[in-house]
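Topics are grouped below for reading alongside the model.

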Amino acid sequence: MDIEYKKRVIKFNDKTFSCSTSIAMELIGGKWKSVILIYLLNGKKRYNELYKLISTITERTLSLQLKQLEKDGLISRRVYTKKPPLKVEYELTSFGETLGPVLLAIADWGTTVAEEKGEIVD
């Protein structure tokens with residue numbers, strides 16, 4: 001694979017980046033964003049569904065990460081208020097869906113690492 005390396009400046013969301021990889025990591029980097037996104041690949045999820053699926057995340061962190069993913073346009077949040085109790089669903093936007101192949105490749109690589117170098121406990 002040939003990658004062209006040259007000095008450049010990229011402006012995205014009022015921030016300056018020196019590499020397109022930095023933009024990608026700004027959007028999906030960190031411990032939780034890609035995890036949340038991978039669970040949304042299969043469709044809409046409610047907040048509590050995500051919280052139960054991601055067993056080691058705190059409620060505050062989940063809330064903050066969902067807000068950031070929504071702000072970045074990767075997920076949408078829909079609030080249903082017609083009848084109690086209040087219902088909120090999250091799903092990938094069409095922009096977020098473009099991450100599908102990337103997230104699946106990362107997940108496959110992570111599975112390989114876990115099987116070869118780690119220990120699957122549960």
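The model described here is predicted.

**Helix H1**

- Ile23, Leu27 and Ile28 are the buried residues of H1.
- These residues lie on the same side of H1, because the arc they cover around the axis is only 110 degrees.
- Gly30 follows H1 and has a positive phi, near 95 degrees.

**Helix H4**

- H4 spans residues 59-71, a total of 13 residues. From its first C-alpha to its last, H4 reaches 18 Å, close to the 18 Å expected at 1.5 Å a residue.
- Leu62, Gln65, Leu66 and Leu69 are buried in H4.
- Their arc around the axis is only 105 degrees, and they therefore fall on the same side of H4.
- Arg60, Lys67 and Lys71 are exposed and sit on the face of H4 turned away from its buried side.
- The cover over the buried residues of H4 includes three helices, H1 (20-28), H2 (33-40) and H3 (47-53). Strands S4 (75-80) and S5 (87-92) are also included in that cover.
- Gly73, which follows H4, has a positive phi, near 85 degrees.

- An open sheet is formed by 3 strands in the order S3-S5-S4, with antiparallel pairing.
- Strand S3 (45-46) and S4 are the edge strands, each pairing on one side only.
- The antiparallel pairing of S3 with S5 runs over 2 bridges. Lys45 has Tyr90 of S5 as its bridge partner.
- H2 packs on this sheet and touches S3, S4 and S5. The direction of H2 makes about 95 degrees with that of S5.

**The nonpolar core**

- The largest nonpolar core contains 23 residues. Ile36, Leu37, Leu66, Ile75 and Tyr90 have the most contacts inside it.
- At least two residues of this core come from each of H1, H2, H3, H4 and S5.
- Leaving aside residues up to four places away in sequence, Ile36 touches Leu50, Ile54, Leu62, Gln65, Leu66 and Leu69.
- Among these contacts of Ile36 are Leu62, Gln65, Leu66 and Leu69, which are buried residues of H4.

Definitions and conventions: Residues numbered from 1 in each chain as written. Predicted model: local features only at pLDDT ≥ 70, side-chain atom pairs only at ≥ 80, totals over all residues. Heavy atoms only, no water. Helix = DSSP H or I, 4+ residues; strand = E, 2+ residues; numbered from the N terminus. Expected span 1.5 Å × (residues − 1). Buried < 20%, exposed > 50% of the residue type's maximum accessible area, 1.4 Å probe, protein only. Arc of directions from axis to C-beta. Contact = heavy atoms within 4.5 Å. Pairing = 2+ DSSP bridges. Axes fitted to C-alpha atoms, helices over the stretch in contact; angles between N-to-C directions. Core = buried A, V, L, I, M, F, W, Y, C linked by side-chain atoms within 4.5 Å.
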